[in-house]
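Student: I am new to this structure and would like to work through it step by step. May we begin once it is displayed?

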Amino acid sequence: MKIFIYMVCSLVVMTMAYWAYTENYTTQASIRRVEELNRLVSDEQEALSILNAEWAYLNRPERLSNLADLNFTKLKLVPLAAQHFNELDIIPMPPRRSLVVSSPMLVSSDRGKQFP
Amino acid sequence: MRRSPLRPLAHIISARQEGKNPDFIEAKERSKRNQVLQLKTRVRAENRLLALGLIFIIGFSAVGGKMAMLASSSSDEVKQYNSGSKIINQRANIVDRNGNILATNMSTQALYAQPPLMINPQKAAKDLLEIFPDLNHERVTKNFTSGKRKFVWVKKSVSPEQQQKVHDLGEPGLLFGSREMRLYPNGKLAAHVLGGTRFGEEDVRAAEIIGVGGVEKYFDNMLRDPALEGEPLELSIDLTAQAATRQVLKNGMRFMNAKGASAILMDVNTGEIISLVSLPDFDPNNRPRVAIAGDPSDSPLFNRAAQGLYELGSTFKIFTAATSLEKGLANPQTIIDTTPFKWNRKTYKDYKNYGPTNSVEDIIMKSSNVGTIRMALAAGTTAQKKTLNDLGFFEAVPVELGEASRTKPQIPKNWSDTSTITISFGHGISATPLHLATAYSIVANGGFRVKPTIKKVNSNNLAKEKVISQKTSQQLISMLRRVVSEVDGTAKMAKVDGYQVAGKTGTAEKIKPTGGYYDKKVIATFASFFPASNPKYTLVVSLDEPEIEVLGESRRTAGFTAVPVAAEIITRVAPILNLRPIATDDAMAYTSISSQ
């Protein structure tokens, strides 16, 4: 009886030890993964800040106005002036049409892929 | 176990035969047995002690080992906590009022050398010079070959292409340290507002960035505060308006042959500076060194709008009128003597003769010196001082630019009657264009005190302190509107369809450093606001030494120089600021205001 209890106890201890170690290693793996992800996030943030800086550089008013001048024949862009303001009423609005759905239609946001 | 008997029969029998006491034998045997038992117990006790000692040793070394491990490694939990929190160790961005980036950071590399590690220092110096032509050849060679230097900074920031070229040299003594670099994508656009930065404490791994001018300096601590999580600093500047203002002012400055110019566009109600330009300017990405020789006010670093103290001339006349109206001494229609005025053996005259008498509104419209002098003397020195103090001319402008907060206006120490006379038309007192913009904003917004700011104002309920009465403000606005709208007005070139410009010109001769005034060098200023029926923005344009040929005549007065430039700025900027043009034509709009 005594031996049996001893055996059961040591089995329980071994199982617990196994469980504890497994948990420990999973935790450590998760921590490493989080560290890796954080590093990736900070890399992405740095890339993003560089892209933002570049975007700001490309959109600097001086360059845009030069581009507008260069492409004047195509775009016909001129600086905003007082004459460009007008009443909303003078803009012709498209006639209102009510949307009638007569037959069932398939709506997909996955680039029009058909569902099986 | 075999036990030997205590009284072995053979021994007892033989002892009895010999007549000895057999009890001795028993005692002997017993003592022998006890000896064995004692030995056994002793060994057992010793073993027990040993085992106990071992357990203690294991226990203590386990505790000790754990302590050593804790001491020598950082705990995972702490690491987790740190990576999860959002503390960002980076200088915050600066953005305009619409969120466009004005200043940001970029990671770059700094190049340094460790001459003792070099294989061929001579060649390294020569090759580096090919990659960076701006390096000083002699100094680099000397640093590399002298043998004294263990560590030399070569270049503070290096582009990726240059870095690759340096790598290609294959010199082990050339090393890189990562750096954050401050980047101003818009270049010169808002140079004087942003100021610029430099590297502070340097290390191989990182360098501190310190603001040296403008908002970079004023908000240095805030921009560097990691607890703010990199939240950008929002300025009141509007990038598009700033670009348009700068472009027009730059062209105007060239056209008017001026050597410098400044423009300030301010929201009359909140005091937000929408645009601030000072020309010539500089590129904050490559901030020039402070000039040691020459006039500091000629340096591109000099902020004419916030640092330049100028006599602003006739733009001050409206403040004299304000004093008179506030004291109830006159109304816009009051007739005032405008014949030449003698004081202390000096005769004050007008630019040309405007007739023997003029109404107050005509004095402002035609810019009559003598009329203004008579109004100022009637109101008195105390009243004049009070008005100028209320309008902020006695203190530095409390704006968040270090340059401005150190620039106190120059006012006469001994305010005599002669001072009162000259100050009434803007001479003998020097202030910055920013002071003028603030004062005109107060006139335009109904008489409430304005605190100029370069930060975006997000609240609507600003503390409102009355400085000038609503009625006076309304009368002053009408008078200033006439300066532009009437044919005789000095600023009639400032008519901008739909925007009802109101303002006052000022042309002041520049003061010679040796004393006295230059004959042909002037500061031409136009202080204005628009639209007059409900003023929204103040614009002050100032040109340094403008000169233009008009019909074969050389003109320097503000009406021919600063006014057309200001009109062009308003034409360009007002639509950008989403200001709807007022549909009435110029003359009708004026009638509607004056009849209020």
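Student: Which residue of β17(B) is the bridge partner of B:G506?

Tutor: In this predicted model, strand β16 (residues 502-511) and strand β17 (residues 517-530) of chain B run antiparallel and are joined by 9 bridges. B:G506 belongs to one of these bridges, and its partner in β17(B) is B:T525.

Student: Which residue in the hairpin of β16(B) and β17(B) takes a positive phi?

Tutor: The hairpin has 5 residues between its strands. The residue with a positive phi, near 105°, is B:G515.

Student: How many bridges pair β17(B) with β18(B)?

Tutor: Strand β18 (residues 537-544) of chain B forms a hairpin with β17(B), with 6 residues between them. Among the pairs, B:F529 has B:T538 in β18(B) as its bridge partner. The pairing is antiparallel, and its number of bridges is 8.

Student: Why is chain B described as more spread out than a compact globule?

Tutor: Chain B has 21 helices and 20 strands. The globule rule gives 25 Å for its 596 residues, and the computed value is well over this, so the chain is more spread out than a compact globule. Its C-alpha trace spans about 175 × 65 × 50 Å along the principal axes. The value behind the description is a radius of gyration of 43 Å.

Student: How far apart are the C-alpha centres of domain 1 and domain 2 of chain B?

Tutor: The domain assignment of chain B gives domain 1 (9-59), domain 2 (94-234) and domain 3 (240-594). For domain 1 and domain 2 of chain B, the separation of the C-alpha centres is 89 Å.

Student: Which elements of chain B give two or more residues to the side that touches chain A?

Tutor: The contact takes 20 residues from chain A and 26 residues from chain B. On the side of chain B, the residues divide into 11 nonpolar, 11 polar and 4 charged. The elements of chain B that give two or more residues are α3 (76-84), β2 (101-113), α10 (239-255) and α20 (562-576).

Methods
Residues numbered from 1 in each chain as written. Chains lettered and ligands numbered in written order. Predicted model: local features only at pLDDT ≥ 70, side-chain atom pairs only at ≥ 80, totals over all residues. Contact = placed C-beta atoms within 7 Å. Helix = DSSP H or I, 4+ residues; strand = E, 2+ residues; numbered from the N terminus. Nonpolar A, V, L, I, M, F, W, Y, C, P; charged D, E, K, R; others polar. Domains from an automatic or database assignment. Rg over C-alpha atoms; globule rule 2.2 N^0.38 Å. Pairing = 2+ DSSP bridges.
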